[in-house]
Amino acid sequence: MGVRNVLLEQLAAIYDENSWFVCFNVAVKDLTEYQAQIKPDDQTNSIEELVHHLYFYNYRYLCRFRGEEVPELPRHYNTFQNHNGVDWNKTIQNYQKVMTGFRKQIYLCSEEKLEKWSETLAHLFIHNAYHIGQIVHIRKQFGIWGSSAVVRG
């Protein structure tokens with residue numbers, strides 16, 4: 001299996017196809033904005049904050065992957081904060097748009113570009129898996145996790 005197929009499988013696993021773990025779309029399915037804002041404690045991020053963080057990094061990396069310039073940010077910029085006041089459903093849509101953008105770009109780019117980016121993308125996708133696991137954990141912690149999220153494995 002080539003690099004392109006490995007990256008596309010990793011992307012599917014974190015974005016829209018349950019596999020060994022829950023994908024993003026299932027992890028956030030049917031969550032209300034109120035549920036997404038619940039915080040277990042002051043030391044833990046809410047689901048909404050986790051999704052803002054994921055969107056922030058994935059968007060910036062997608063821009064870089066496409067060869068676009070990404071502006072520098074202040075040193076202590078909080079990537080978990082909703083800086084633009086975007087509502088919950090729009091936040092989900094933004095993340096989904098970025099992930100479908102990655103899928104398209106991975107399909108279309110050259111083998112040389114994939115080789116150059118493969119390690120970075122693999123780590124980015126692992127970063128997504130980590131935070132998606134946190135989302136599932138928070139949902140379970142608050143009893144807002146249903147049987148529809150069963151994974152194979």
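User: What counts as a helix or a strand here?
Analyst: Helices are DSSP runs (H or I) of at least four residues and strands are DSSP runs (E) of at least two, both numbered from the N terminus. This is a predicted model: local features need pLDDT of at least 70, side-chain atom pairs count only at pLDDT 80 or more, and totals for chains, interfaces and linings use all residues. Residues are numbered from 1 along each chain as its sequence is written, and side-chain values use heavy atoms, with hydrogens and water left out.

User: OK, in what order do the elements of the protein chain run?
Analyst: Starting at the N terminus, the order is α-α-α-α-α-α. That comes to six helices and zero strands.

User: How compact is the protein chain?
Analyst: Its radius of gyration, taken over C-alpha atoms, is 16 Å, close to the 15 Å of the globule rule for 153 residues, so the chain is as compact as a globular protein of that length. The rule is 2.2 Å times the number of residues to the power 0.38. Along the principal axes, the C-alpha atoms fill a box of roughly 45 × 40 × 25 Å.

User: And how many of the residues count as buried?
Analyst: 42% of the 153 residues do. Buried means under 20% relative accessible area, exposed over 50%, and partly exposed in between, with a 1.4 Å probe and protein chains only.

User: What share of the contacts joins residues at least 24 apart?
Analyst: 77%, among contacts between residues at least 6 apart in sequence. Contact means heavy atoms within 4.5 Å.

User: Switching to H4. Is His53 buried or exposed?
Analyst: His53, in helix H4, is buried, with a relative accessible area of 6%. Not counting residues up to four places away in sequence, His53 touches Thr79, Phe80, His127 and His131.

User: How far apart are Tyr57 and Leu124?
Analyst: They are 67 residues apart in sequence and 8.2 Å apart in space, C-alpha to C-alpha.

User: New topic, Ser118. What does its side chain reach?
Analyst: The side chain of Ser118 reaches the backbone oxygen of Glu115 at 3.3 Å. Ser118 is in helix H6, residues 111-141. Leaving aside neighbours within four places in sequence, Ser118 is in contact with Val3 and Leu7.

User: Where does Asp30 lie?
Analyst: In the loop between helix H2 (24-27) and helix H3 (33-37). Asp30 is exposed, with a relative accessible area of 63%. Asp30 and Ala13 are 17 residues apart in sequence and 19 Å apart in space, C-alpha to C-alpha.

User: What phi does Asp30 have?
Analyst: A positive one of about 65°, although Asp30 is not a glycine. Most residues other than glycine have a negative phi.

How values were computed: A polar contact is a pair of N or O atoms within 3.5 Å; within protein, one must be able to donate a hydrogen and the other to accept it, and residues adjacent in sequence count only if both atoms are side-chain atoms.
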